[in-house]
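Colleague: Can you walk me through this one? I'd like to hear about charges, the interface and the core.

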Amino acid sequence: MHIAEGFLPPAHAVAWGVASAPFVVHGVRSLTREVREHPESTLLLGASGAFTFVLSALKLPSVTGSCSHPTGTGLGAILFRPPIMAVLGTITLLFQALLLAHGGLTTLGANVFSMAIVGPWAGYAVYALLRRSNAPLMVAVFSGAFVADLSTYCVTSVQLALAFPDPGSGFLGALAKFGSIFAVTQIPLAVSEGLLTVLVMRLLVQSSKGELTRLGVLLTRKQSRTETEAVAR
Amino acid sequence: MSRNTKINLVLLFAVAALAVLPLALGLGDHKKEPFTGADAEAETAITELKPDYEPWFSPLYEPPSGEIESALFSLQAALGAGVLAYYFGLRRGRRQGEQRALDREGERRAPERRAGSAPAGAAGKPAAERD
């Protein structure tokens, strides 16, 4: 999903940067608040960032005969909400842009938008919906991580199709082309990411019950009802 | 092996199988260069759609060879894996430490309780302690 350095026309690069900036600024604020109010969560925040680091470095072969990598953003979005994941994802993308020549500074805005904003939000939305309809925790976690991963690559396809419409068939033609490169390749990888996120969540349930309860991932039935009511109000 | 560990191993095995199957089934054989990165394929697609497109900015730093690049990628993965391992190791250690402290506390308390339940001499005292 990394659009390479210089591979988006300047106007597109600026537009995606402008679109991403408020999310990242808001995320930095949520992150500082979280660390100030709950210093004990710093460690788990680090672990969520680390999960993204590992997964976005893992290039895996896929059914289309090409390689791609998961994003690892679903876990942090489920644990700490999407705004904080916007920051952690941006840090990962910056590391790759500066040291690995993977992605780039001019395309950072677009890459942040797909991997650190849309992915976490889409994944979190699916997770929250499933949880609210009383789906088992691990089903919701798997679906959230799967959607976070796949939606990121769909956004990248849209971004490239907008910048490089097909001369004959226009935006849709280009979308089909980029979609077949990114989205189809990504389906099995999104399954892998879902399974790995479930694995980490299982380890967290075993090791960090208190923390998960505070973050609202583990709820008693009564609590979950009052929380839903509070949101409805 | 506990049931939990078994499920975790099955999850890991499934991920490994998903990664190995495309290779084992030769799903990249129809390509000139099998299993290239999707990001690079997208770059090729861009030059197909717009042959005159020139990237207008180049990376500030580019790893000089594929080896250096893969070294940096492994560094990224190692950093992440290290932090994750630290987290779970610390949690496990803390839990064991807490358990041990609880056990020790229990041992310290046990003789007292036995003494307290003895009726002779200390009437009323256990009740006060309970408060």
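**Salt bridges, interface and core**

Modeller: Over all chains, the structure holds 8 salt bridges. A salt bridge here is a side-chain nitrogen of Lys or Arg within 4 Å of a carboxyl oxygen of Asp or Glu. This is a predicted model, with local features needing pLDDT of at least 70 and side-chain atom pairs pLDDT 80 or more, while totals for chains, interfaces and linings use all residues. Residues are numbered from 1 along each chain as its sequence is written, chains are lettered from A in the order in which they are written, and side-chain values use heavy atoms, without hydrogens and water.

Colleague: Which residues are linked in a network of salt bridges?

Modeller: A:Glu34, A:Glu40, A:Glu211, A:Arg214 and B:Arg91.

Colleague: What does A:Glu34 meet in a salt bridge?

Modeller: The side chain of A:Arg214, at 3.2 Å from N to O. The pair links distant parts of the chain, 180 residues apart. A:Glu34 sits in helix H1 (residues 10-37) of chain A, and A:Arg214 in helix H8 (residues 209-214) of chain A. Helices are DSSP runs (H or I, at least four residues), numbered from the N terminus.

Colleague: Is A:Glu34 buried or exposed?

Modeller: Buried, with a relative accessible area of 16%. A:Arg214 is partly exposed, at 32%. The cut-offs: buried is under 20% relative accessible area, exposed is over 50%, partly exposed is in between (1.4 Å probe, protein chains only).

Colleague: And which other salt bridge does A:Arg214 form?

Modeller: One with A:Glu211, the closest N and O atoms being 3.7 Å apart. A:Glu211 counts as buried, at 9% relative accessibility.

Colleague: What does B:Arg91 form a salt bridge with?

Modeller: A:Glu211, with the closest N and O atoms 3.1 Å apart. Across the interface of chain B and chain A, the rule finds 2 salt bridges. It also finds 21 residue pairs in polar contact across that interface, both residues at pLDDT 80 or more. A polar contact is a pair of N or O atoms within 3.5 Å; within protein, one must be able to donate a hydrogen and the other to accept it, and residues adjacent in sequence count only if both atoms are side-chain atoms.

Colleague: Now the core. Which residues touch the most other members of the largest nonpolar core?

Modeller: A:Leu44, A:Leu79, A:Tyr127, A:Met201, A:Leu204, A:Leu212 and A:Val217, out of 39 residues. Such a core is a set of buried Ala, Val, Leu, Ile, Met, Phe, Trp, Tyr and Cys residues joined through side-chain atoms within 4.5 Å. H7(A) gives the most to this core, 8 residues.

Colleague: What does A:Leu212 touch?

Modeller: A:Leu79, A:Met201, A:Leu204, A:Val205, A:Val217 and A:Leu218, leaving out residues up to four places away in sequence. There is also a second, separate core of 33 residues, including A:Leu8, A:Leu93, A:Ala161 and B:Ala42.

Notes
Helix = DSSP H or I, 4+ residues; strand = E, 2+ residues; numbered from the N terminus. Contact = heavy atoms within 4.5 Å.
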